[in-house]
Amino acid sequence: MVNTMRLAGIVIAVGFLQGCFGAPSIDDTMDEYTTRLFRVLDKPLSENEPPLTARRNLVLPSQTFPTLFELGNNVTTLNINIREFYAIQDCELGRIVAERNTALGKTQLPSQRLQYEHRVLNALANCEARLKATDNPIASTVAEWRKQKQAQYQSVWANVVQTSTEMKLGLSMAGAPLQASENKDAKASVNALNFINGLAKTLKHESVVEKTNEVNVEVSANDSGELEQQLQIIASSRLPAKLWQTQAILHNRLVSLNQVLAPALNSVQCKNGVTSDKATILRNVFYLYFIEEIQPIASTLNSYHYQLQPLWKQWAENAALSAPFKAHIRTHAIDNFVQYSATMKAHVSLWQDFLGRCNLSPTAP
């Protein structure tokens, strides 16, 4: 009885100490949770739920992100001969096309290329209107160029999503798992990802306004500062990768824990619903580690997942994005989330059955 009370005191003390020194990582919490459960159940940890084995089997987002070779879309440039080039010198289009042939123009980052394509499309539309107004026959050629660039626009946008360094960091390189709170730039990252997604539809393919020399084309991506800022937020937060790494850790660790915990809890005696000391200590461990530390992280994970779910659905169905990239998104944002959710539910069900049988509630010790 003395040993039982001492163990209960140690469990409670550890919970208070952790509050003083900051929140541990989800891996550390799972280690502590598992160790203390097996200590109370008198189960050797090394034979039942080895943390190192669980970590070796862990598939992280960085392991499934496709290579650059699999992701890039080849976007052809406009084929303009010398006669056509001189014919458009009175338009801004001539200067913009010339920029592409410079050393800097040939080494544009994906985000810079998207901004450039917006400028080209605006210049093409305005040049077409001006040439039509003067009955210049080259107007029809410019119209064909505009259609070509409009058809390519989704591929240019897809290159930003798939090949930008910032996007790769955000979608594959977590750095550290999710926390229950204080996840840097996490909320802003949701908005940033939706901003990038919105650029796929920013350009309205409107017909040329024949009575004026201008057309109404949205140019949000021309704001280079805004686009680069949103990409930096995604790289800083790395929210999707953190969500996917955290759900993988929880799934892997809880799957093996559930297998051992189910028969172990069933063996704990609570005759006629009378609570035993061991059952009470197990409830305390469950509360201090799962309810107080693991569940808040899972709640944060679920919240951000559902905020981003419409975005993942759009990307999984977007024809401009490559099959390997969409497979990466589906694996982590859809398939693995379903597995993780089922494992969490199974773990909670184990405890609900046990606590009900022993006439206990999952409240603070």
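Helices do the work of secondary structure here: the protein has 16 helices and zero strands. Keep in mind that you're looking at a predicted model.

**The whole protein**
- Out of 365 residues, 48% count as buried.
- Take the contacts with a separation of 6 or more: 84% of them come from residues 24 or more positions apart.

**How α11 and α14 pack**
- To describe two packed helices, you give the angle between their axes and the distance between the axes.
- For helix α11 (residues 165–172) and helix α14 (residues 239–266), that angle is about 20° and the axes sit 4 Å apart.
- Angles under 35 degrees count as roughly parallel, so α11 and α14 are roughly parallel to each other.
- The crossing of α11 past α14 is right-handed.
- On the α11 side, the contact is made by L169, G170, L171 and S172, while α14 brings in L239, P240, A241 and W244.
- Sort the residues in this α11–α14 contact by class and you get six nonpolar, two polar and no charged ones.

**A closer look at Q247**
- Is Q247 buried or exposed? Its relative accessibility is 2%, and buried means under 20%, so Q247 counts as buried.
- Leaving aside residues up to four places away in sequence, Q247 touches L301, H332, N336, F337 and Y340.

Note on methods. Residues are numbered from 1 along each chain as its sequence is written. This is a predicted model: local features need pLDDT of at least 70, side-chain atom pairs count only at pLDDT 80 or more; totals for chains, interfaces and linings use all residues. Side-chain values use heavy atoms; hydrogens and water are left out. Axes are lines fitted to C-alpha atoms, for helices over the stretch in contact, and angles run from 0 to 180 degrees between N-to-C directions. Helices (H or I, at least four residues) and strands (E, at least two) are DSSP runs, numbered from the N terminus. Angles under 35 degrees count as roughly parallel, over 145 as roughly antiparallel, 65 to 115 as roughly perpendicular and the rest as oblique. A crossing is left-handed if the near helix is turned anticlockwise from the far one by less than a right angle, and right-handed if clockwise. Contact means heavy atoms within 4.5 Å. Ala, Val, Leu, Ile, Met, Phe, Trp, Tyr, Cys and Pro count as nonpolar, Asp, Glu, Lys and Arg as charged, and the others, Gly among them, as polar. Buried means under 20% relative accessible area, exposed over 50%, partly exposed in between (1.4 Å probe, protein chains only).
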